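Try each task before reading its solution.

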Amino acid sequence: MIMLELRNLSAQYGGKEVLKNVSLSFRPGELLALIGPNGSGKSTLLRTAAGLHPYKDGDAALDGVPLRNLSRKEVARKVAWMPQSRNAPDMTVWRMVLHGRFPHMEYPRHIRREDRKIVAQALEDADGAELSERLLRELSGGERQKAYLATALAQQCDTILMDEPTAYLDIAHQFRVLSLAKRLAADGKAVAAVLHDLPMAFQFADRIALLRNGQLIRAGTPEELFAQQIVSEVFGVTLQRVWNRSVWRYYCSVDREESALL
Amino acid sequence: MNGLPVSCTEKTIEDCIRKQKRRFFRTGAFLFCVMLLSAALSVRFGSAPLPWAKIAPVLLGRDAESVEARIILYSRLPRTLGCLCCGASLAASGAVIQSVLENPLAAPNLIGINAGAGLAVALNGALFPGAAALTPFAAFLGALAGAFTVLLIGESTGASRLTVILSGIAVSSAFSGLLDLTLTLAPDALSAYADFRIGGFSGVVMRRIIPACIVSALSLALVLSLTPQMDILSLGADYAQSLGLRVRPVRILLLSAAAALAGAAVSVSGLLGFVGLIVPHAARRAAHGESLPLILFSAFGGAAFVTLCDLFGRVAFAPYEVPAGVILSLLGGPFFLWLVLRRRRNDYA
């Protein structure tokens, strides 16, 4: 199993340093949640890890090989990235998912039986089989997310990076997406997701990375982070939990002084 | 939806692919036939309609001497070929530019083609008043110069679609300033420029068409070979990159080919507006987001459309001949308006 790792990574955006000395590994079999206030560098971290954003110092490496020594296609065969803004180009869902095979196709890009099989399986796994012949732009937000998920699955990567996969989705679809992410991790993939919903992140993730101002403040299991009360400090809210139906359920509340300010 | 789980198998995908291929083939064959038909009509009709019985021997090479043969070989045929080549090139160029810049309102003029070609033609008229024969050559070089200035500026600022569009506007504005300056200082250049600006096919000769056809064919082949990359690019630059596409070189290669296509077209016909805008739009609806059919449909449709517009201009107002450029602008204006209004309605819906 190939592992993606960031080592002392620094990256700039428009001349400003947005990631500072970040070291983080994307471990197989684990759902990693990236949390942090707006502008803390979560999306840039994922983009850099996917080879979409250049880094200045340190390294992003696949099994020790720096991304900059790999071709785009080599990276795309190992790391899938799901964008936060989910455009709806004018095409059918099956066609979109078939584009997930692009990194695996050599000239003259003939669609093989194997590709069709993988696409069908990806649609099944993303719970989107019934969408295959629909047009992307006619889908609801939740359905569109399934198409994007299926495309990422068709890419057959060991590492899947999701930039706010629950954005624009209703609560039921948010749960569905995170359950699927969890299932992929259980199948041995390394899955990382930028999440804004802290209770959800704590409930679903195997490990949480907390960022602030481009720095990785802490990475650890939800248990560890909760015990350290570091989240409350960074977000200015109080994270609490109750024992319910044999799991911890997390919720956030605003401190009394804070709410007076609001 | 009946609520039952629907399964998706390898067979489902195969069926989808086959169904789509069949549909594309039907549309393509239809447009190809329309193009051939419009070419045939263009050879047949004009100030002096020719009977089919006289046309056939000329095309088969058995008659090169009669009056009809001369009309066909020296007037109708070059003109028809010119229409086909320009229409196909401009429409394909527009399709590429719209896709690459992800802008449905983009057309060849957006990347500095018209401005560059116009300036070159005016300069040619001012510096070499006797050398009208150089006009097509100047137009082609000017178009390429305009487009590459835009691409160079766009590229040095990251080759994002916004920087390309902005530098297109800036370069076009500067070039048209230079054009006005040229026309003010050398008013004689105006006559060469006026014909060029309206765009049309009167007086087109074979000698002028052949080089344009060769450039067009080569550029079209390049574009067609890059259609899988164009498909990926249509998903958005970042996403395309994450799927393993080298976005920047592909973008520049495609825009260069589009510039060569449009440059070849303006060297024959002068500035023909709106073909590069209208035709790809109509083609896009039938192409379902796939670039290969998009380019082919655009080329066939553009060739047919320009040929028919030219024929209409020749026949409808006889004994006057209205340049194809005028007909195209008359049709293009309302279409553009309809397009913008329809988009806005959809956006608010």
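**Exercise 1.** Find which strand gives the largest share of the lining of the second largest cavity.

*Solution.* Start with the lining: Phe26(A), Arg27(A), Glu30(A), Leu32(A), Ala190(A), Val191(A) and Ala192(A). Now look for the strand. Strand β8 (residues 190–194) of chain A gives the largest share, three residues. A strand here is a DSSP run of E, at least two residues, and a helix is a run of H or I, at least four, both numbered from the N terminus. Next, sort by class: five residues are nonpolar, none is polar and two are charged. Nonpolar means Ala, Val, Leu, Ile, Met, Phe, Trp, Tyr, Cys and Pro; charged means Asp, Glu, Lys and Arg; the others, Gly among them, are polar. Last, the volume is about 30 Å³.

A cavity is a set of points on a 1 Å grid over the protein atoms alone where a 1.4 Å probe fits but cannot get out; a pocket is an open set with protein on both sides within 12 Å along at least five of seven lines; lining residues have an atom within 4 Å of a point. Grid points are joined across faces, edges and corners, and a volume is the space filled by probe spheres set on the points.

The model is predicted: local features need pLDDT of at least 70, side-chain atom pairs count only at pLDDT 80 or more, and totals for chains, interfaces and linings use all residues. Residues are numbered from 1 along each chain as its sequence is written, chains are lettered from A and ligands numbered from 1 in the order in which they are written, and side-chain values use heavy atoms, with hydrogens and water left out.

**Exercise 2.** Describe the second largest pocket: which helix gives the most to its lining?

*Solution.* First, the volume: about 940 Å³. Of its 33 lining residues, the closest to the centre are Arg95(A), Ile111(A), Lys21(B), Glu290(B) and Leu292(B). Then the helix: α1(B) gives the most, nine residues. By class, the lining has 19 nonpolar, six polar and eight charged residues.

**Exercise 3.** Decide whether Asn8(A) is buried, partly exposed or exposed. Do likewise for Ser246(A).

*Solution.* Use the cut-offs: buried is under 20% relative accessible area, exposed over 50%, partly exposed in between (1.4 Å probe, protein chains only). Asn8(A) sits in strand β1 (residues 4–13) of chain A. Its relative accessibility is 45%, so Asn8(A) is partly exposed. Ser246(A) lies in the loop between β11 (238–244) and β12 (247–253) of chain A. Its relative accessible area is 55%, so Ser246(A) is exposed.
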